Protein chains: 2
Amino acid sequence: MCQLLGMNCNTPTDIVFSFEGFRRRGGLTDHHADGFGIGFFEGRGVRLFHDDKPSADSPVADLVKAYQIKSENVVAHIRKATQGQTSLANTHPFMREMWGGYWLFAHNGHLKNFAPEQGGFYRAVGSTDSERAFCHILEQLRRRFCERPDEHALFDAVADLTAAIRTHGLFNFVMSDGEYLFAHASTLLHYIVRKAPFGEAHLIDDDVKVDFAAVTTPNDKVAVIATLPLTGNEIWQQLAVNELVMFRRGDIVRRRLPENPVYMPVEEGLAVARAAGVSV
Amino acid sequence: MCQLLGMNCNTPTDIVFSFEGFRRRGGLTDHHADGFGIGFFEGRGVRLFHDDKPSADSPVADLVKAYQIKSENVVAHIRKATQGQTSLANTHPFMREMWGGYWLFAHNGHLKNFAPEQGGFYRAVGSTDSERAFCHILEQLRRRFCERPDEHALFDAVADLTAAIRTHGLFNFVMSDGEYLFAHASTLLHYIVRKAPFGEAHLIDDDVKVDFAAVTTPNDKVAVIATLPLTGNEIWQQLAVNELVMFRRGDIVRRRLPENPVYMPVEEGLAVARAAGVSV
């Protein structure tokens, strides 16, 4: 299974600590060895790094670490190719412009028989189901709203589109426009909101810890979203199966939860992915 | 004046030699110290690096050098901010998707009173005249052609749009869709097509030389486009004022040249840029 990582904060925050644990799953502590990508919003701009080398030993990932980019919204992905040729054009996150702003999208899963009609505004460049799903979401939003709607109309529209797309298979995704970050789980997706009082955190995948109290202010609020928890000494929340949440400035501002939420055990989530032909 | 660099080849080629001379103009041998950007097509994908640090001492530029990315089409830009805040969103090259493929655009110059109506397909994210011009070109192409037209219709349409936009000021640009590379001069733009028999070249801005015979095959054809010649021992061709050329696989396949072409002396070109408020 590919892994997703997202961050949404109320102040520009360095993601290096989380990224270090995440990237080590790209070839060292896990088997996601087909490349990775990470996109950082900086103001209205996006800094995008893609690499088809495994993230654990990618010089691009080294740069991300060395550069200590601070961002309020980050979308990252480690890819184990399951569908579509491994190529730069198929590397997440994908980016498009809508309503005068950039949007980033990364997907973990597999959509069967998902062939929406060709978009008038957005078309896929590569050959993945993931990019098709992203372009379809944007196409439908753009057709419905000529200008960016308020956050409730936006959330409801994304929730409806997501509910339709996930009938085609596994659709874990993270998507951001630089202000909001959407996270949707078909199987496994976890999040944590760090805020004062900040403590120390220990990476699961690496012998690294950080004392967040030393690198934050009392007003900071930082949401981190990941396929599996990245730290071993903090409580991560799991998204229910088919739950969509929308973060803004480190808080969940909207969520759509099934009436009888089911939380998938990690082992089952990995098994489901395997059965769907998504590599784990 | 900002500097432009482009490459269009018939085989994936390492641009490091040209980029090394070019980047040294970003803060060492010249005064383009407000950031830089470079985009490489790799298959249908694009690898895009932006930095708001001067290119001469940018870690991103170091990565570009170390990585030795091979590409058939490259668009790069060193920026001296003259209009619009210096920010990532204003850093060239700009990228959009059209007809299912990515397009890159970098501009050197300044357009006065250029405020085209807001696009239905493409909108600027940042605040530069450059991104507005790029979005306007794509918007008009997309309105005229639902699908990608043949190369002659495409060239003619770009030439007409360019002729209209340049009435607003200085419009040196390089644009590529990964197959074609367009280059247009209002003032200064030079190119060279390297092919067999390959020789040795010496960078003007650095004590570096390369023997292309050792790193090429006899069938290679590599066009390099730059604001000013990058090497001192080769013959670079200058584009005439208001000339548009279109490269494919290292050859010029179409050009539109004024009836009485004028070739601007370098000193005059720099003076014109200065007078138009474009930093030199």
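Now, some ground rules, friends. What you see above is a predicted model, in which local features need pLDDT of at least 70 and side-chain atom pairs count only at pLDDT 80 or more, while totals for chains, interfaces and linings use all residues. Residues are numbered from 1 along each chain as its sequence is written, chains are lettered from A and ligands numbered from 1 in the order in which they are written, and side-chain values use heavy atoms, with hydrogens and water left out.

Let's begin with how the two chains sit together. Two copies of a chain are related by a rotation about an axis and a shift along it. The same surface serves both copies, since 100% of the contact residues of chain B recur in chain A.

On to the interface. Contact here means heavy atoms within 4.5 Å, and 35 residues of chain B are in contact with 35 residues of chain A. The size of an interface is often given as the accessible area lost when the parts come together. For chain B and chain A, about 2,900 Å² is buried between them, 50% of it on carbon and sulfur atoms; buried area is the accessible area (1.4 Å probe) that two parts lose on being put together, summed over both.

For polar contacts, the rule is a pair of N or O atoms within 3.5 Å; within protein, one must be able to donate a hydrogen and the other to accept it, and residues adjacent in sequence count only if both atoms are side-chain atoms. Between chain B and chain A, 16 residue pairs are in polar contact, both residues at pLDDT 80 or more. The elements that give two or more residues to chain B's side are β3 (45-51), α2 (59-67), β5 (94-98), β6 (101-111) and α3 (129-144) of chain B. Helices (H or I, at least four residues) and strands (E, at least two) are DSSP runs, numbered from the N terminus. β3(B) gives the most to that side, with seven residues. By type, the residues on this side divide into 17 nonpolar, six polar and 12 charged. In that count Ala, Val, Leu, Ile, Met, Phe, Trp, Tyr, Cys and Pro are nonpolar, Asp, Glu, Lys and Arg are charged, and the others, Gly among them, are polar.

Next, salt bridges: a side-chain nitrogen of Lys or Arg within 4 Å of a carboxyl oxygen of Asp or Glu. In one pair between the chains, B:R123 meets A:E147, the closest N and O atoms being 3.1 Å apart.

Back to A:E139, where I started. Its side chain forms a salt bridge with A:R143, 3.0 Å from N to O. A:R143 is partly exposed, at 41% relative accessible area.

Chain B has another salt bridge to look at, B:E243 with B:R255, at 2.7 Å between the closest N and O atoms. This pair links distant parts of the chain, with B:E243 in strand β14 (residues 243-248) and B:R255 in strand β15 (residues 251-256), 12 residues apart. B:E243 is buried at 1%, whereas B:R255 is partly exposed at 40%.

Last stop, two side chains in chain A. A:T91 sits in the loop between β4 (70-78) and β5 (94-98) and is buried, at 6%. Its side chain reaches the backbone oxygen of A:S87 at 2.9 Å. A:S71 lies in strand β4 and is buried too, at 1% relative accessibility. A polar atom of the A:S71 side chain is 2.8 Å from the backbone oxygen of A:N73.

Notes:
Buried means under 20% relative accessible area, exposed over 50%, partly exposed in between (1.4 Å probe, protein chains only).
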